[in-house]
Amino acid sequence: ESVEFILINCCNRKAIIRAMADRFVAQLLQRFPRLLWSKRCLSTLFDLLDAVGTSLYDRSPQTEVTLPSSRAPLDLTESRKERQDMASLLVRRCSEWLSQANALAPRQTQALLHEYLIKFHQTGVGLLHHAGFSLAID
């Protein structure tokens, strides 16, 4: 749960909190690389990507969004430009995360991605519109 909290704060509305969270995540990954193929971390990252991406298209964007994987609140900035920057950063972070995970534990990572995709297939909810699902397919 602590890592989830830190990942979520990488998208906090306050720049100082985002910067600290980014540093903590980097330190945690250096010390505990197995977090790269953690189901909970990966789901949180994908849900963050989807929440921030979806907020870009909302006509009346909410500043607080609840992530489905953790039920934790995400406190977003009101600025559309900052949300766009955050979404771009998340896409890069998720791609790098998956690359590192695949390099260190390819079987575990592929199994998690497969499980993630099956979850969406079974629920049938938002398959084509969930950014995390789209990234997992790539």
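Among contacts in the chain between residues at least 6 apart in sequence, what percentage join residues at least 24 apart? The share is 59%, where contact means heavy atoms within 4.5 Å. The structure is a predicted model, in which local features need pLDDT of at least 70, side-chain atom pairs count only at pLDDT 80 or more, and totals for chains, interfaces and linings use all residues. Residues are numbered from 1 along each chain as its sequence is written, and side-chain values use heavy atoms, with hydrogens and water left out.

**Overall make-up**

- The chain holds 6 helices and 2 strands, these being DSSP runs numbered from the N terminus (helices: H or I, at least four residues; strands: E, at least two).
- The order of elements from the N terminus is α-α-α-β-β-α-α-α.
- Of the 138 residues, 41% count as buried, that is, under 20% relative accessible area with a 1.4 Å probe and protein chains only.

**Helix 1 and helix 2**

- Helix 1 (residues 2-9) packs against helix 2 (residues 15-31) at about 135 degrees, with the axes 8 Å apart; axes are lines fitted to C-alpha atoms over the stretch in contact, and angles run from 0 to 180 degrees between N-to-C directions.
- Helix 1 is therefore oblique to helix 2, since angles under 35 degrees count as roughly parallel, over 145 as roughly antiparallel, 65 to 115 as roughly perpendicular and the rest as oblique.
- Their crossing is left-handed, meaning that the near helix is turned anticlockwise from the far one by less than a right angle.
- Val3, Ile6, Leu7 and Asn9 of helix 1 meet Ile17, Arg18, Ala21, Phe24, Val25 and Leu28 of helix 2.
- This contact has 8 nonpolar, 1 polar and 1 charged residues; Ala, Val, Leu, Ile, Met, Phe, Trp, Tyr, Cys and Pro count as nonpolar, Asp, Glu, Lys and Arg as charged, and the others, Gly among them, as polar.

**Helix 3 and helix 4**

- Helix 3 (residues 39-55) and helix 4 (residues 80-104) pack at about 155 degrees, with their axes 9 Å apart, which makes them roughly antiparallel.
- Helix 3 passes helix 4 in a left-handed crossing.
- Residues in the contact include Leu45, Leu49 and Val52 of helix 3 and Met86, Leu90 and Trp97 of helix 4.
- By class, the contact has 14 nonpolar, 1 polar and 2 charged residues.

**Helix 4**

- Buried residues of helix 4 are Arg83, Met86, Ala87, Leu90, Arg93, Cys94, Trp97, Leu98 and Ala101.
- An α-helix has 3.6 residues a turn, so residues three or four places apart point the same way.

How values were computed:
Buried means under 20% relative accessible area, exposed over 50%, partly exposed in between (1.4 Å probe, protein chains only).
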